[in-house]
Amino acid sequence: MAKIKFFIKLKHYIYTGLREVLVYHHSSLEFRAKIFALIIAANENPQDCEYTLVHEAGMQIYKDEERVNMLILTTKEYVNKVHQNNGLNLDSLIEDIQKQLRQLPRYASKIDIEGLRPIVECTIDEDTASYQLRMLEFLYKLKKDYTKEVS
């Protein structure tokens, strides 16, 4: 059991390190992945629908299948960390997003509320969908506040 955990941590460490080296503007991609993950992770049982929408949004943004696949993988990584209670929860994800916006206010333009809204429509549970909508409102306010600072 300890060996398995070690190899999982090693895989994650190598994956993260390679992403930083090999992916152009990896911090921007990770920010977008965190935004998608925030909405998706609020649903305890995300389906393929959510990740199909991430793919569609990613293609509109990047127009590059490899970069979109990296966005999806990174989003899934964050969602899995939240669901497995692996050092990340929704509150810490929100804090991380806020911290990045304080450091790089221009990232506020990367929050696409209309691109995130369809993810809520994938959710069957009404309470979860309501929670996701509150998160969208929160992200809209963040975007609005930080866009003013950039202007």
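Select cysteine 49 and cysteine 122 to begin: a disulfide (a pair of cysteine sulfur atoms within 2.5 Å) joins them, with 1.8 Å from S to S. In general, a disulfide is a covalent bond between the sulfur atoms of two cysteines. The structure holds one disulfide. The link of cysteine 49 and cysteine 122 is left-handed, with -60° about the S-S bond. Cysteine 49 lies in helix α3 and cysteine 122 in the loop between α6 and α7, so the pair links distant parts of the chain, 73 residues apart. Helices (H or I, at least four residues) and strands (E, at least two) are DSSP runs, numbered from the N terminus. Cysteine 49 is partly exposed at 35% relative accessible area, whereas cysteine 122 counts as buried at 14%. Buried means under 20% relative accessible area, exposed over 50%, and partly exposed in between, with a 1.4 Å probe and protein chains only.

This is a predicted model, in which local features need pLDDT of at least 70 and side-chain atom pairs count only at pLDDT 80 or more, while totals for chains, interfaces and linings use all residues. Residues are numbered from 1 along each chain as its sequence is written, and side-chain values use heavy atoms, with hydrogens and water left out.

Now show the whole chain as a cartoon. The chain has seven helices and zero strands. Of its 151 residues, 40% are buried. Among contacts (heavy atoms within 4.5 Å) with a separation of 6 or more, 73% are between residues 24 or more positions apart.

Next, select Leu101 and Leu139. These two touch the most other members of the largest nonpolar core, which has 43 residues. A nonpolar core is a set of buried Ala, Val, Leu, Ile, Met, Phe, Trp, Tyr and Cys residues joined through side-chain atoms within 4.5 Å. Two or more residues of this core come from each of α2 (26-41), α3 (48-62), α4 (65-83), α5 (90-103), α6 (113-121) and α7 (126-150). The most come from α2, which gives ten residues. Which residues does leucine 139 touch, not counting those up to four places away in sequence? They are Ile35, Leu38, Ile39, Ile111, Ile113 and Leu116.

Rings of Phe, Tyr and Trp (its six-membered ring) pair if their centres lie within 6.5 Å; planes under 30 degrees apart count as stacked, over 60 as edge-to-face and the rest as tilted. The pair of phenylalanine 31 and tyrosine 107 is tilted, with 5.1 Å centre to centre and 45° between the planes. Phenylalanine 31 lies in helix α2 and tyrosine 107 in the loop between α5 and α6, so the pair ties together parts that are 76 residues apart in sequence. Phenylalanine 31 is buried at 0% relative accessible area, and tyrosine 107 is buried at 3%.

Stay in helix α2 and select arginine 32. Arginine 32 counts as buried, at 13% relative accessibility. Not counting residues up to four places away in sequence, arginine 32 touches Ile61, Tyr62, Leu71 and Lys110. Aspartate 112 is 80 residues from arginine 32 in sequence and 9.2 Å from it in space, C-alpha to C-alpha.

Last, look at two rings with a charge over them (NZ of Lys or CZ of Arg within 6 Å of the ring centre and within 35 degrees of the ring normal). Over the ring of tyrosine 62 sits the charged end of arginine 67, 4.8 Å from the ring centre. Over the ring of tyrosine 51 sits the charged end of lysine 76, 5.0 Å from the centre.
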